[in-house]
Amino acid sequence: MNSYDKVIDYLKLHKQLEYDIEFYRTKMEGLKAISYSQEEKGTSMDDMMSVYMQKIEKAENKQREIEHFIEKNFSGRDKVMIYEKYVCNHSDVYIGNKHHYSSTHIKRLINKAIYKYLAK
């Protein structure tokens, strides 16, 4: 895997973390619906809630780290395009329509920005 792919995977991680956060929040809601007097596999519900809250916090911290990476390493239009694509999870078509570019041009701009970052 080359450096470009590593940066893309790192940026895409933001969306996966969003899914993880939603998963653990759903699990917590399920636990709230179960009586706290019951135990699952020897682990109390409070312990499980604590584990889920820690996982959510860890995922949110990682998301903030990715957002900081974008903020620190990109500027201007590049930063906006990358943020909208990987943090806001907007499609290239949506971003293109919003900024009056084609989706193909959005892909080129994002690729160029990442290669420019790697060249530093």
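In the predicted model, D92, V93, I95 and G96 of helix 4 meet S103, I106, K107 and I110 of helix 5, contact being taken as heavy atoms within 4.5 Å. By class, this contact comprises 4 nonpolar, 2 polar and 2 charged residues, where Ala, Val, Leu, Ile, Met, Phe, Trp, Tyr, Cys and Pro count as nonpolar, Asp, Glu, Lys and Arg as charged, and the others, Gly among them, as polar. Helices are DSSP runs (H or I, at least four residues) numbered from the N terminus.

Within helix 4, D92, I95 and G96 are buried, that is, under 20% relative accessible area with a 1.4 Å probe, protein chains only. Seen down the axis of helix 4, these buried residues fall within an arc of 100°, so they line one face of the helix, the arc being that of the directions from the helix axis to the C-beta atoms. Their cover includes helix 3 and helix 5. Just after helix 4, H100 adopts a positive phi of about 65°.

Residues are numbered from 1 along each chain as its sequence is written, and side-chain values use heavy atoms, with hydrogens and water left out. For this predicted model, local features need pLDDT of at least 70 and side-chain atom pairs count only at pLDDT 80 or more, whereas totals for chains, interfaces and linings use all residues.

Notes. Helix = DSSP H or I, 4+ residues; strand = E, 2+ residues; numbered from the N terminus. Buried < 20%, exposed > 50% of the residue type's maximum accessible area, 1.4 Å probe, protein only.
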